[in-house]
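Please find below a note on the model under review.

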Amino acid sequence: MKVLIINPPIRLDDKPRNIPHGLAILANILRQKFRCQILFVDWNAYRYSIEKIKAIIKSFPCDVAMIGGLIPTYKYLIKISNIIKKYHPKTKILAGGSAAMSIPKVLLENSMIDVVCTGEGEVTIVRLIESFQQEENPDFSAIRGIAYSDNEGKILVNEPEPLIQNLDQDSLLPAYDLLPMNIYLANPVAGLGRDIDFISGRGCPYHCTFCYQPWGHKNRKHSSGFIKDAILFLKKNYQVNFISFQDDLFIADKKRLYDFCELRNRYFPDIYWSCTGRANICDEELIKIVRESGCTLISYGFESGSQRMLNSMNKKINLDQMEHVVDLNRKYGLPIPVSFILGMPDENEQSCKETVEFCIKNNLTLDSLMFATPYPGTALFDFAIKTGRIKKNGIHDFVMRLGDARDFVVNLTDSFTDEELKRKYNEMISLAKKAYNPISQNEIEEKIKSLYGPLSEMFFNLSSEDKEHQAKHGAIGLF
Ligand code: B12
Ligand code: SF4
């Protein structure tokens, strides 16, 4: 069986930094379970022209094509499926990832995709390939976790595939050898050097209204031993020296976190790492332990300096916790990458003022300010549909316009016009910047040296593009 896998591009204004975990894990599973010839086309890494993609697809007649990605790849999923069907009408096209999962019906209605995977793919992909091996047009009704069109063109959604309970056992590492690792390793994610991202768990116990949680609210995770072995593998085979954990909430389980820190100090003390955090979970003990175990950055979603807004987005943190975590990060010499959101439904002049004041009081910039964006699958999306801000029959058009949350797409407030909101965005960033009092260059250099040890040299040689990325997404120079 011949299988074509295409990873569509994301963030074309930046270098490719994040590997396609979902598609690459499934590629590994296919290799393990079936005798198949796989062509993995990493369009995102290579940034091919559309002509080149057409030529690649044309030259590889295949039985099955797999595509997927997060929501801004929606337009590419449609484009790719059209090209595949044009050259190879009999190829079965399967799509997954959060774009496909969050709006399966809309995607099927607007594309040439045959089957959408509506949940985790590890079990579903095996069932699908087995069914294609048995017959050309299989009966999908017994396969859980998919949506597809029947012979009359009616879209059917099967019952969900249960979530994997033991990730160590029932998932695999991504097929790194099928990816252009040299490209990804040349473009650090949130750290320095040969930095690769890693997802060590799925699911988050919280219910923030702007966040899509396809994996439910139980945090399922790989064991610290699995992570240790994966890092030793990456170190040996790809000379990786930095890991950016991109889990929804890497620090959710403190026991696993501290086990991991111990393993790091014992087995790979030369590897540095970054992760995602949360203001209500990070206490002094945690910051101290991770700082002593090579962690150079914990990123936080602060979202707002207004408690009323934090409550309205169900964030379950308070301003005292946020201030405490800023103080702790400063005390232990860690940078303070915090992100904020502007334009949630209850936002008004007063809450914007409070956010700017919070930043000024705590000496923070607002460089990572995002527009509240109702991504499909979130409570915010349901709000936008309910209030008519997105028309029920206009979901396709809306999603076609989605990109980064720095781009304004829809106004969810009652207090501002679109123009006022866009002006507010620039005004807030500039007010916080004006008041921001940076530490001296010497102090920054001292802190970088202390954090990154032998890797710190690379900080001073970062390209301008990497520096811009760090400022926007990593904030490694913001202490
Ligand atoms: C890493 C990450 C990124 C990386 C990019 C990752 C990549 N290479 O695609 C970066 C940092 C660039 C990023 C950016 C953004 N992200 Co992001 N990101 C994530 C994160 C944390 C992990 C994704 C991941 O790799 N998961 C692990 C893998 C294993 O899961 P998976 O990809 O879903 O794959 C599984 C299944 O979906 C399925 N599957 C996947 N593909 C396929 C294909 C087939 C054929 C089949 C059968 C099955 C299948 O099988 C896999 C194994 O079970 C998720 C959160 C999350 N929990 O997933 C958010 C998430 C995907 N991001 C999100 C968002 C909103 C964004 C941004 C828009 C945010 C912003 N600030 O602007 C930007 C968009 C950038 C752009 N312009 O495109 C949302 C997406 C919401 C949605 N409805 O799609 C998520 C879900 C976060 C959230 N909780 O809300 N992101
Ligand atoms: S924003 Fe963070 S804490 Fe909130 S639900 Fe999403 S992953 Fe969990």
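The points below treat the basis of the model, its strands and the surroundings of its ligands.

1. Basis of the note. This is a predicted model, in which local features need pLDDT of at least 70 and side-chain atom pairs count only at pLDDT 80 or more, while totals for chains, interfaces and linings use all residues. Residues are numbered from 1 along each chain as its sequence is written, and chains are lettered from A and ligands numbered from 1 in the order in which they are written.

2. The seven-stranded sheet. Seven strands form an open sheet in the order β2-β1-β3-β4-β5-β6-β7, with mixed pairing. From one strand to the next the twist averages 20°. Strands (E, at least two residues) and helices (H or I, at least four) are DSSP runs numbered from the N terminus, and two strands pair if DSSP finds at least two bridges between them. Angles are taken between N-to-C directions of axes fitted as lines to C-alpha atoms, for helices over the stretch in contact, and run from 0 to 180 degrees.

3. Strand β1. Five of the six residues of β1 (residues 2-7) are buried, so this strand is largely enclosed by the rest of the structure. A residue is called buried if 20 or more other C-beta atoms lie within 10 Å of its own, exposed if 12 or fewer, and partly exposed in between, with C-beta atoms placed from the backbone. β1 runs parallel to β2, to which six bridges join it; Leu4 has Leu39 in β2 as its bridge partner. β1 also pairs in the parallel sense with β3, over four bridges, and here Ile5 is partnered by Met66.

4. A right-handed β-α-β unit is made by β1, α1 and β2; right-handed means that, with the strands pointing away from the viewer, the path from the first strand over the helix to the second runs clockwise. Five bridges pair β3 (residues 64-68) with β4 (residues 92-96) in the parallel sense, and Ala65 stands opposite Ile93 in β4.

5. Strand β12. Five of the five residues of β12 (residues 272-276) are buried. Tyr272, Ser274 and Thr276 point one way, and Trp273 and Cys275 the other way. In a regular strand, side chains alternate between the two faces of the sheet. β12 is parallel to β11 (residues 242-245), with three bridges, and to β13 (residues 295-303), with four. Ile243 stands opposite Trp273, while Cys275 has Ile298 in β13 as its bridge partner. The crossover from β11 to β12 passes through helix α11 (residues 254-267) and is right-handed; β12, helix α12 (residues 284-291) and β13 likewise make a right-handed β-α-β unit.

6. Ligand 1. Of the 43 residues around ligand 1, Gly22, Gly68, Gly96, Ser98 and Gly121 come nearest. A residue is near a molecule or strand if its C-beta atom, placed from the backbone, lies within 6 Å of it. Elements that each supply at least two shell residues include α1 (21-33), α5 (97-102) and α7 (122-134).

7. Ligand 2. Cys204, Tyr206, Cys208, Cys211, Gln213, Asp248, Leu249, Arg278 and Gly301 surround ligand 2.
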